[in-house]
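Visitor: Could you walk me through this structure, please?

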Amino acid sequence: MVVAMMLAGCTDLDTGFDASMSVDSTTSAADGDGLCGYGEDEECHSVTVTVTNNGEDEVSTNMFYWDATASSGGVYSSPSVDGPDACAGGASCTVTLHFDVTNGDTLTSLSWDDGWDSMDTSIPAY
């Protein structure tokens, strides 16, 4: 019966998540100057983030888990990621995310969501 409850989602299987993130710096580069921003109407905005993992489970830095919201209300997803593939339990890791952002827009918040757990933070004006 316990197995049936677990499979049905009646029991929380994920008890080891305890992570947070903070933005260390944000920069933007003109078209085609950097790792992204090569489109005609886009720039490359790079956000350096520290993930502090106080939990037991590792926190993946997979590109598909990151979204940034812009001053225009637009959402930018799937940035390229520089840094480790994951942050181990009890560790802090730094990653840099590179987003293709429409010219003239700035990023205002950052979120991470792997489908089970999530975290978010604001991005200081840059």
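The conversation below goes through the sheet, the core and some single residues.

Guide: This is a predicted model, in which local features need pLDDT of at least 70 and side-chain atom pairs count only at pLDDT 80 or more, while totals for chains, interfaces and linings use all residues. Residues are numbered from 1 along each chain as its sequence is written, and side-chain values use heavy atoms, with hydrogens and water left out.

Visitor: What is the order of the strands in the open sheet of four?

Guide: The order is S5-S4-S9-S10, with antiparallel pairing. Strands are DSSP runs of E, at least two residues long, numbered from the N terminus, and two strands pair if DSSP finds at least two bridges between them.

Visitor: Which are the edge strands?

Guide: They are S5 (75-77) and S10 (118-122), each of which pairs on one side only.

Visitor: How many bridges join S9 to S10?

Guide: Five bridges join these antiparallel strands, and Trp112 stands opposite Met119 in S10. S9 and S10 form a hairpin with four residues between them, and Gly115 in the turn has a positive phi of about 95°.

Visitor: Next, the core. How many residues has the largest nonpolar core?

Guide: The largest nonpolar core has 22 residues, and Val49, Trp66, Phe99, Leu107 and Leu110 have the most contacts inside it. The largest share of this core, five residues, comes from S8. Such a core is a set of buried Ala, Val, Leu, Ile, Met, Phe, Trp, Tyr and Cys residues joined through side-chain atoms within 4.5 Å.

Visitor: And Thr50: why does it count as buried?

Guide: Thr50 counts as buried because its relative accessibility is 18%. This residue is found in strand S2, and its side chain makes a polar contact with the side chain of Asp24 at 2.5 Å. A polar contact is a pair of N or O atoms within 3.5 Å; within protein, one must be able to donate a hydrogen and the other to accept it, and residues adjacent in sequence count only if both atoms are side-chain atoms.

Visitor: Where does Ser78 lie?

Guide: Ser78 lies in the loop between S5 and strand S6 (80-82). Its phi is positive, about 55°, although Ser78 is not a glycine.

Methods:
Buried means under 20% relative accessible area, exposed over 50%, partly exposed in between (1.4 Å probe, protein chains only).
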